[in-house]
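I opened this structure to see how its parts pack against each other. These are my notes.

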Amino acid sequence: MTLHVSPPDTALEPAPLLSAAGVSRFYGERIGCEGVSFDLWPGEVLGIVGESGSGKSTLLRCLAGIDRPDEGEVLFRGGAEPLDIYSVPEQERRRLMRTAWGIVHQNPRDGLRMDVSAGGNVGERLMDRGDRHYGQIRERALDWLSRVEIAGARIDDRPRQFSGGMQQRLQIARVLVSEPRLVFMDEPTGGLDVSVQARLLDLLRVLVRDLGLAAIIVTHDLAVARLLTDRLMVMKDGHVVEQGLTDQVLDDPHHAYTQLLTSAVLTV
Amino acid sequence: MTVHQTLPGDETSPAYNYAYLDEQTKRMIRRALLKAVAVPGYQVPFGSREMPLARGWGTGGIQVTAAIIGPQDTLKVIDQGADDTTNAVSIRRFFEKTADARTTEATEQATIIQTRHRIPEAPLQAGQIMVYQVPQPEPLRKLEPREAETRKMHAWAEYGLMQVKLYENIARFGEVTTTYDYPVMVNGRYIMAPSPIPKFDNPKMHMSPALQLFGAGREKRIYALPPHTSVRSLDFEDHPFRIQSWNEPCALCAATDSYLDEVVIDDQGSRMFVCSDSHHCETRRAAGHRGAMLGDAAASGLVASEESTS
């Protein structure tokens, strides 16, 4: 598996935004993920696919600064110099997690404050960074709610009064309001019915393209990967078995497991 | 029952140590107090002891008072601003018995004022010590249940979440509806729960010449405000902090600048507003200020009649 992929448009952005080198995490004897290395360029969407238990979410948690990997390092280039996110103090890492990148959880309950209104959820990151003008915070919140297609009239409703799809969209607005450069998404369409999934995917595609976001999307749904991602990593048993351009990997899979995965997709 | 009291080093052997707590415990509390004064607004853990009083009734305040009181001190205890409510009377009697304390109802004469729910109306002076009984010392508790997480938030001043709570108030009710235990920023660094005092009293803490000590017995935390410390109530630029105000003066002493309690006086829903600080109200009545309902209240025996007050 030595598939060389040239990064998109390296002339504009010569340095990767996020670099993982030999990231491994073990749960005692068992392997969570092992020896994962890749570069993510600004504006690029990377998909991580694989079956349940293949280490996708473990890897994402390591990359997003939630769980410290047992080996390897994660470099994030927020400013001029790349920053090893696990060698900076926890205070700085938490600040980065609140401002420079965002995490969209599979279950909206993990990412939202269920007792706080939609406006408060969206405004929290603004208040975190020191905004203290109620009118302006509310204006920004309304703007972001409309961008994720939530009616402005529902700004004071709590997330538990929202449908599953709306909760997921609210979670996306809450993350994007601080204009991060990188977004991690863990199964963003999981648990939604197909028509709602389609709308959410459309929305994500528009947002990612418009804002020039880099994103890492974990999914077990190959259709989602095909629609959203530029590049794909296939994981099995904690290892990356194949990576390359999305179309390449899905249309011409080399590794036996990837072939199994693509052939297992139902075509209606 | 009269317990014979002695100071440490006396020959006789008393039933209790002076001021109830043993000397080692007092030293432990004083160490916590010193640290709390050194870092204004920071919650210092301490080994809270069992007191002859249920937790939640002021055990934190009593332990702080016991650790700092001496024979030369004069103690005032108030509960909801009043000197004559059950809890205030019990705590005052406790220190009369165990610490031979002189007690007073006059704010000006007290060197230590233990309080629940109020700061006296009379301005505090240098040399006085306020001791607050605190039920919940953690201002972030209702927003973030994990203790490990709230400590990190304090350590790194990540206070966006507190602002979210105020945002929610304004979004739902058009103004900040928190009226007591209103969160404050101390010395530009720590967010602190001022104990359940009305937000009316928050401005009195700002740059106060008195030392202010906070004890939470059940939660085992002590924190403090040294004299002349900045205390700012949290707000938004376009929704500034405001204190409560009333449309009518105190019905007994006609004060317009004090915190008033609303008292329902009959089955028809009639009500009167009276000063919550009972000493302040009595002082004003003695000075000749007369509220609209003073005559009625004296006639029904609710307040001392004019002859006995003068």
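**Ground rules.** I am reading a predicted model, in which local features need pLDDT of at least 70, side-chain atom pairs count only at pLDDT 80 or more, and totals for chains, interfaces and linings use all residues. Residues are numbered from 1 along each chain as its sequence is written, and chains are lettered from A and ligands numbered from 1 in the order in which they are written.

**Interface.** I looked up where the chains meet. I found 16 residues of chain A in contact with 14 residues of chain B (C-beta atoms, placed from the backbone, within 7 Å). On the chain A side, helices H2 (90-99), H4 (118-128) and H5 (134-147) each give two or more residues (helices are DSSP runs of H or I, at least four residues, numbered from the N terminus). H4(A) gives the largest share, six residues.

**Helix pair.** Next I checked H6 (residues 164-176) and H7 (residues 194-211) of chain A. Their axes come within 10 Å and cross at roughly 15 degrees (axes are lines fitted to C-alpha atoms over the stretch in contact, with angles from 0 to 180 degrees between N-to-C directions). H6(A) and H7(A) are therefore roughly parallel (under 35 degrees). Gly165(A), Gln168(A), Arg169(A) and Leu176(A) of H6(A) meet Val196(A), Leu200(A), Leu203(A) and Leu207(A) of H7(A).

**Cores.** Which residues touch the most other members of the largest nonpolar core? I noted Leu63(A) and Leu33(B), out of 137 residues. A nonpolar core joins buried Ala, Val, Leu, Ile, Met, Phe, Trp, Tyr and Cys residues through C-beta atoms within 7 Å; buried means 20 or more other C-beta atoms within 10 Å of a residue's own. Another core, of 15 residues, lies apart from it and includes Ala251(B) and Cys281(B).

Notes: Contact = placed C-beta atoms within 7 Å. Parallel < 35°, antiparallel > 145°, perpendicular 65-115°, else oblique. Buried ≥ 20, exposed ≤ 12 C-beta atoms within 10 Å, placed from the backbone.
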